[in-house]
Amino acid sequence: MKLRSLMIVTLLAAFAMGFVAMAQAPVTVEFWHRFSSRHETTLEQLSVWFEALNPDINIEWVYQGSYSALQQKITGAVVAGEVPTMTIFYEDWIPPVEDALLPLGPYFTAEETADIIPGLLYKDMLTVPFNKSIMVLYYIEDYVPVPPTTWQEFYDMAVANTVDEDGDGTIDRYGVGFRPAANPEQFFCLLEQNNGSILNADWTEVTLGNAAGLEAANFYASLAPYSWITSEYLNSNVGYVAMAIDTSAGYSYWEAAAESAGLTVKTAVLPVGKKAASFIQGTNIGIFKDADPAEIQAGIAFLKFLLQPEYTGYFAAMTGYLPVTIGGLDSAVWNYVLATAPEVAASSEMMPVGVGSLSHPNYGDMRAALSTMCEEIMLGAATVEEAIAAAVAEIEALLDY
Amino acid sequence: MTKLKSLAFWKKPIPYEWRNPEFWKDTAWAYIYLIPAVVILAAFTFYPFFATFRLSLYKVSFTNFPGKYIGLENFRYIFAHKYFWSSLWHTVVIVGVSVPITLLLALMVANLLNKSLRFRTFARTSFFLSYITPMVAVIMVWRLMYNEQYGLINYVLGLFNIQSISWLNKPEAALPAVIILNIWRYVGYQAIILLAGMQGIDQMYYEAARIDGASGFQVWRKITVPLLTPQIFFLLIISMIGSFKVFTEIFVLFNGPGALKSAQTLVYYIMDQGFFGTPHYGRAAAASIILFAIIFIVTIIQMQVAKRRVHYQ
């Protein structure tokens, strides 16, 4: 009898300890990403700082491979109903799964929302920006001592730097490089600088073919004779082009390629059209609404942590991306970066005037139509008017969703 | 009708041996060993195959899978889409040009390798290397060779005073670039298969031909090629099916479908519909079924031709 009582008490105590342990266990936030090696170390440092401030939350980073692998896994997870707490998304990945995402607007104060760079705000705040880069002007200082500041200067320098040095009839260096199929965002920068747009504000009309759009496209086409038109990365042939509009995230590749060619590459703000503007690319973070409620709350807390000035500044400083908040651009850590790494000054200066991609559900197809338009213009396969008309027709068919 | 009746297995009597317990003692383990392979095939081949037919009838939604039933709308979209027809044409060109040229070159190479040459083993190994080297590595090297400014190919053309060709950036050069790469990659493999076939031909045919005074070309045309028809037929089917599915060469070589989609093939079109840009899984599934149907019909035609033209010893 005594032994039986002792066994019952021991079992009850064990169960009680188990419940207490479970109650005290930290909430685990599963965060899917595709950052490896150096970037992953930065993420882990951020989570260490966050967990020090929030001992009841544990951030579990789960590397999912390449961007395409991550996209497929997100798709599979949504279909299977086995979603993580949060993950990164490219903006055009979001529309097919947006019904699975938690609108974050209600969880952010007006001040917190206003601190996010306006061009990075996603529709209904389904996601918040994370790792972002912006289009800047790369120029080879050996050929272009002073970078252009206006469209006219950009055009004149492109003409002056398109040369046949040995007189054999083959151009040895082009003034500019463009990747119209792979990177129509180069054209989007010009469109935005000319106060043009692809769609109107409420997505009911395609405005690409209006006067502003035609003017931007005609300027784009005027650069074609002085441009290396290619599908390859523009830094793969440093010295073959004097200038290029390319992503700030590629600076290390440009620098390495220029160094091996014995040249000096620098960055500058994009030449200004009617206004200063550039195109921002990169991923956002979203939280799945089907995740555990405790995990959702923890995930929101982590999101707000990542958007704090010093932490978005730290992430940008360590990875080569850019702060995604106005406070981050003014943070002490980012000011230190600007003082010691002048090549990021141009991208930092343009972030407040940067715009992201449309959050339209069919943006992926629209972008494909625009890529074709850019190729047709730059390769001379169609006139500017014909190319724009074809793109407008294709995009009009995509307005409904 | 007789053939259809023979398919009605449910009307046939149970085979006698199935009623014998000894039969099951002997064969049960065989079926048990097959189960893992069948399960894997069922999960990763048969189920996706039949699921594709179903998906092709839907506007697929990930959050409300499979989505909205739209019948044949995906097929209507594809048949009206200009890029489907251009992709089909590019695929036909690749198949129509690379398959016969590869086979012809492979026959010539096999014929050479069958002779008593010095360093014959080295030559055979060298020709086969192109096939066993990882595909992506091969294509990356060819990208460098096709480089307009520094590529080896344009350098060699320059030695003959031929102007440099922008292989990777001009629409008119895209398909030739893919075809040349394809031919180079598969000549060695096909040559080895044909060489094995040549070495299996009974020498008495050649001796009889020599006695009858046949020339080398006559021997090759009347003996070697007819007796190689099983291998030729096999290679025709395999290479045609493979050429219809060209994707990796294009994706890695051009970092896209080529300038103005000049190298976009059917498989690239399927990937574009399903995975690049806004995902349209239903359309990708429908395009996959169309590709399957095309390959199926072409293979059936080949099988019918083979019945009359293939000579087995």
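Reply: In this predicted model, helix 3 of chain B brings B:Asn74, B:Phe75, B:Tyr77 and B:Ile78 into contact with helix 14 of chain B, where the partners are B:Gly282, B:Arg283, B:Ala286, B:Ala287 and B:Ile290. Sorted by class, the residues of this contact comprise six nonpolar, two polar and one charged. Helix 3 covers residues 73-80 of chain B and helix 14 covers residues 281-309 of chain B; their axes come within 9 Å and cross at roughly 70°. Because angles of 65 to 115 degrees count as roughly perpendicular, helix 3 of chain B and helix 14 of chain B are described as roughly perpendicular to each other.

The crossing of helix 8 of chain B with helix 11 of chain B is right-handed. From helix 8 of chain B the contact draws on B:Asn182, B:Tyr186, B:Gln190, B:Ile193, B:Leu194 and B:Gly197, and from helix 11 of chain B on B:Gln231, B:Leu235, B:Ser239 and B:Ser243. The residues of this contact between helix 8 and helix 11 of chain B are four nonpolar and six polar, with no charged residue. For the contact of helix 3 with helix 14 of chain B, by comparison, the classes given above include one charged residue.

Chain B also touches chain A. This contact takes 15 residues from chain B and 26 residues from chain A. On the side of chain A that touches chain B, the elements giving two or more residues are helix 3 (67-80) and helix 14 (363-378) of chain A. Helix 14 of chain A gives the most to that side, with six residues. By class, the side of chain A that touches chain B consists of 12 nonpolar, seven polar and seven charged residues.

Chain A itself contains 15 helices and 10 strands. The C-alpha trace of chain A spans about 105 × 50 × 40 Å along its principal axes. Of the 401 residues in chain A, 46% are buried. Among contacts in chain A with a separation of 6 or more, 71% join residues 24 or more positions apart.

The domain assignment divides chain A into domain 1 (27-132 + 281-342) and domain 2 (134-280 + 356-396). The C-alpha centres of these two domains of chain A lie 29 Å apart. Domain 1 of chain A supplies 13 residues to the contact between them, and domain 2 of chain A supplies 15 residues. The side of domain 1 of chain A that touches domain 2 of chain A holds five nonpolar, four polar and four charged residues.

A:Thr204 is found in the loop between helix 6 (185-193) and helix 7 (211-222) of chain A. Because A:Thr204 has 8 other C-beta atoms within 10 Å, this residue is exposed, the cut-off being 12 or fewer. A:Thr204 lies 6.8 Å from A:Leu399, C-alpha to C-alpha, although 195 residues separate A:Thr204 from A:Leu399 in sequence.

Terms used:
Residues are numbered from 1 along each chain as its sequence is written. Chains are lettered from A and ligands numbered from 1 in the order in which they are written. This is a predicted model: local features need pLDDT of at least 70, side-chain atom pairs count only at pLDDT 80 or more; totals for chains, interfaces and linings use all residues. A crossing is left-handed if the near helix is turned anticlockwise from the far one by less than a right angle, and right-handed if clockwise. Helices (H or I, at least four residues) and strands (E, at least two) are DSSP runs, numbered from the N terminus. Two residues are in contact if their C-beta atoms, placed from the backbone, lie within 7 Å. Ala, Val, Leu, Ile, Met, Phe, Trp, Tyr, Cys and Pro count as nonpolar, Asp, Glu, Lys and Arg as charged, and the others, Gly among them, as polar. A residue is buried if 20 or more other C-beta atoms lie within 10 Å of its own, exposed if 12 or fewer, and partly exposed in between; C-beta atoms are placed from the backbone. Axes are lines fitted to C-alpha atoms, for helices over the stretch in contact, and angles run from 0 to 180 degrees between N-to-C directions. Angles under 35 degrees count as roughly parallel, over 145 as roughly antiparallel, 65 to 115 as roughly perpendicular and the rest as oblique. Domain bounds come from an automatic or database domain assignment.
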